[in-house]
Amino acid sequence: MIKKESIEHKEILNYIKDSLGISSDHLNTSLSTSYEYYVSDLPLRPDALLEDNDTIYLIEIKSKATIDTVARMNLLRDLWLQNEEMEKRKSIQLVVAAKSFPEREKRIMDQLGIIMLKLPWTFKPGSNEQFGSKTHRITSDKSWKIVSRLLKEKKTSIRQLSLLENVSYGWAHKTVQALMRQNIVKQDHNHVSISNVDKLLNGVAWERPLANLKIDEIRIPFSGSMHAAREITEAFAMQDNMPVGFTTYTAASLYTGYGVRHDAVYLYLRDEHLDHFRELFESHSGNTIKAVVYRPDRDVFQDSREKEGIRIVSPSQTLLDLAGMGYSAMDITKEMVSMYDTI
């Protein structure tokens with residue numbers, strides 16, 4: 001990682017500034033000050049921040065642009081624009097400066113209006129350490145068991161979290177400490193509790209964007225989501241219980257009774273079962289809804305359950321996936337959190 005005060009970092013910033021046509025007078029040399037002023041409650045930080053007249057440029061500096069980089073930058077823009085004062089004062093422009101831009105990422109960045117700046121090969125980009133690979137991942141399978149249990153119990157000890165979720169005390173302690181460093185969890189003697197739900201949800205969306213797991217979007221011949229989900233559940237059960245698990249809006253509406261979406265269903269399938277799904281349900285007629293299909297990054301089927309004839313993933317998995325959708329699903333995500341101890 002390049003230190004902010006290093007010569008390399010300054011050279012990269014100057015190169016970006018010149019490429020964007022920003023005057024030296026507008027170069028922001030205090031990222032933390034500007035960041036804290038605008039959005040101090042977010043656990044997300046760009047690698048650099050430049051201002052020019054009425055525009056703020058949020059900049060990521062990478063060796064290679066990835067879909068994860070694009071998803072995180074798009075989420076960061078959404079979060080900044082939630083700040084009403086910020087929206088009135090400045091427009092936001094995303095910039096990814098990298099040595100390499102794969103074709104898929106270039107296409108998506110074009111669609112999202114993200115500026116691509118090609119860095120010379122001589123530069124050595126670094127990255128900020130936050131909710132990323134160099135820190136303890138709160139969305140890993142074991143860590144999320146601890147987090148979701150803490151949401152359910154409200155206030156408890158680390159040892160109790162460990163016992164309830166059958167996760168080692170060391171891992172439970174490490175997870176709680178990571179959350180405390182982000183001011184998401186507070187400690188009161190031997191008990192811990194979540195003190196900032198918004199920051200937790202934002203961190204999940206940053207660390208595990210659900211869009212990264214999407215493998216397909218298929219039109220299916222139904223007029224309503226719940227009818228479609230029941231038919232799909234029944235069809236897969238007839239194939240020797242071929243695993244399927246509905247998630248996000250589909251599952252959350254059954255858990256909470258809130259926000260049913262009739263225009264789409266959201267489900268996990270294994271890659272090898274995607275063709276079977278297409279064979280049974282794909283349609284090109286006019287009267288259809290979307291089936292948004294995700295690839296499991298853990299065993300999402302083991303703790304699934306059936307409600308109203310629909311096979312849905314566990315409450316813990318549903319909440320993780322909803323949070324991974326970011327602000328687009330924030331209302332139903334918060335409803336799920338508020339009811340979580342009763343589900």
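**Figure 1. Buried residues of helix α14 in the predicted model.** In this predicted model, helix α14 covers residues 330-339, and its buried residues are Met330, Ile332, Thr333, Met336 and Val337. Around the helix axis these residues span an arc of only 165 degrees, which places them on the same side of α14. The elements they pack against are α6, α9, α11 (248-256) and α13 (315-323).

**Figure 2. Helix α8 and its cover.** Helix α8 runs over residues 169-181 and has 13 residues.

**Figure 3. Two asparagines in the loops on either side of α8.** Asn166 is placed in the loop between α7 and α8. Its phi is near 55 degrees, a positive value in a residue that is not glycine. With a relative accessible area of 74%, Asn166 is exposed; the cut-off for this class is over 50%. Asn183 follows α8 and lies in the loop between α8 and β6. The phi of Asn183 is also positive, near 60 degrees, and this residue too is not a glycine. Asn183 has 52% relative accessibility and therefore counts as exposed.

**Figure 4. The hairpin of β6 and β7.** Strands β6 and β7 run antiparallel and are joined by 4 bridges. Within this pairing, Val185 is opposite Ile194 in β7. The hairpin has 2 residues between its strands, and His189 takes a positive phi near 60 degrees.

**Figure 5. The open sheet of β1 to β4.** This sheet is open and has 4 strands in the order β1-β2-β3-β4, with mixed pairing. Its edge strands, β1 (48-52) and β4 (115-118), each pair on one side only. On average, neighbouring strands of the sheet are turned by 30 degrees against each other when direction is ignored. Helix α3, residues 67-81, packs on the sheet and touches β1, β2 and β3 (91-100). The direction of α3 makes about 165 degrees with that of β3.

**Figure 6. Strand β2 and its two partners.** Strand β2 consists of residues 55-64 and pairs with β1 in the antiparallel sense over 5 bridges. In that pairing, Leu50 is opposite Tyr57 in β2, and Ala48 has Ile59 of β2 as its bridge partner. Strands β2 and β3 run parallel and are joined by 9 bridges. Here Thr55 is opposite Ser91 in β3. Of the 10 residues of β2, 8 are buried, so the strand is largely enclosed by the rest of the structure.

Figure 7. Ile215 is in strand β8, which spans residues 214-220. Its relative accessibility is 21%, so Ile215 counts as partly exposed; buried would require a value under 20%. When residues up to four places away in sequence are not counted, Ile215 touches Leu269, Asp271, Leu274, Val293, Tyr294 and Arg295.

**Figure 8. The whole protein chain, for orientation.** The protein chain contains 14 helices and 13 strands. It has 343 residues, of which 52% count as buried. Contacts between residues at least 6 apart in sequence join residues at least 24 apart in 68% of cases. The chain exposes about 16400 Å², and carbon and sulfur atoms supply 44% of this area.

Technical notes. Residues numbered from 1 in each chain as written. Predicted model: local features only at pLDDT ≥ 70, side-chain atom pairs only at ≥ 80, totals over all residues. Heavy atoms only, no water. Pairing = 2+ DSSP bridges. Axes fitted to C-alpha atoms, helices over the stretch in contact; angles between N-to-C directions. Contact = heavy atoms within 4.5 Å. Expected span 1.5 Å × (residues − 1). Buried < 20%, exposed > 50% of the residue type's maximum accessible area, 1.4 Å probe, protein only. Areas by Shrake-Rupley, 256 points an atom, 1.4 Å probe, with all protein chains shown as cover. Arc of directions from axis to C-beta.
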